[in-house]
Amino acid sequence: MSRFFGRSQKQLTPEESIAKLHETKDLLEKKQLYLEKQIEQETESAKKNAKTNKRKALQHLKRKKRWEADLTKLDNILANIDVLEENLQNAQFTSTVTGAMSGAAKSLKQLNKANNLDKIDDIMDEITDQVEKGEEINDALSRNIGTAADIDDDELQQELDDLMVEEIAGIDALDDLPNLPEVPAGEMPSHSRQATRQGSTDELDELQAWAAQA
């Protein structure tokens with residue numbers, strides 16, 4: 001009907017609705033204070049006229065009852081506004097959480113769509129192939145070439161074992177030799193030196209005679 005007889009009301013946002021409720025509460029609370037003050041005044045007036053003017057005292061009590069009835073209605077309205085405000089805040093909070101979760105779900109869906117399982121399998125297969133090719137290249141580069149390729153590792157190991165056996169056999173042979181007498185320390189006797197020199201002279205003479213005959 002508002003579209004035909006007047007301007008349609010603007011749809012308020014949750015924040016605007018909560019602000020509007022706060023304004024209404026402030027207004028009602030001010031009226032609440034006013035009613036309480038009026039009730040207090042009517043009560044005092046009734047007390048003053050209770051003995052001197054009973055009819056007037058009754059009028060004050062009637063007004064007091066009306067103020068009290070209005071105050072009761074006002075209390076109920078304020079209670080309803082509190083409940084409405086609380087529900088509106090909870091709904092706003094729920095809407096915020098729902099919106100965040102909905103956005104997160106959409107983002108997750110897009111990411112999972114981009115991270116297609118088949119595509120990931122293809123990527124992992126490609127990585128595996130490249131790693132295997134890299135290992136083949138390293139094996140090819142580390143392969144022995146030239147004379148080194150003809151050397152048999154088993155043959156080298158056997159030769160090393162034979163050398164070790166010979167070394168051990170030589171050490172054992174030295175251990176089996178009898179103990180030789182120690183060479184006396186000091187200068188050799190004179191007759192020994194003379195015999196040595198004489199032997200060397202004879203050998204030199206024989207060598208010279210052989211050379212002359214040749």
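A salt bridge, as I use the term today, is a side-chain nitrogen of Lys or Arg within 4 Å of a carboxyl oxygen of Asp or Glu. What we have here is a predicted model, where local features need pLDDT of at least 70 and side-chain atom pairs count only at pLDDT 80 or more, while totals for chains, interfaces and linings use all residues. Residues are numbered from 1 along each chain as its sequence is written, and side-chain values use heavy atoms, with hydrogens and water left out.

The structure holds four salt bridges, and in one of them Lys-25 pairs with Asp-82, with 2.8 Å between the closest N and O atoms. Because Lys-25 sits in helix 2 and Asp-82 in helix 3 (residues 54–114), this pair ties together parts 57 residues apart in sequence; helices here are DSSP runs of H or I, at least four residues, numbered from the N terminus.

As for pLDDT, the predictor's confidence in each residue, from 0 to 100, the chain has a mean of 79, and 71% of its residues reach 70 or more.

How values were computed:
Helix = DSSP H or I, 4+ residues; strand = E, 2+ residues; numbered from the N terminus.
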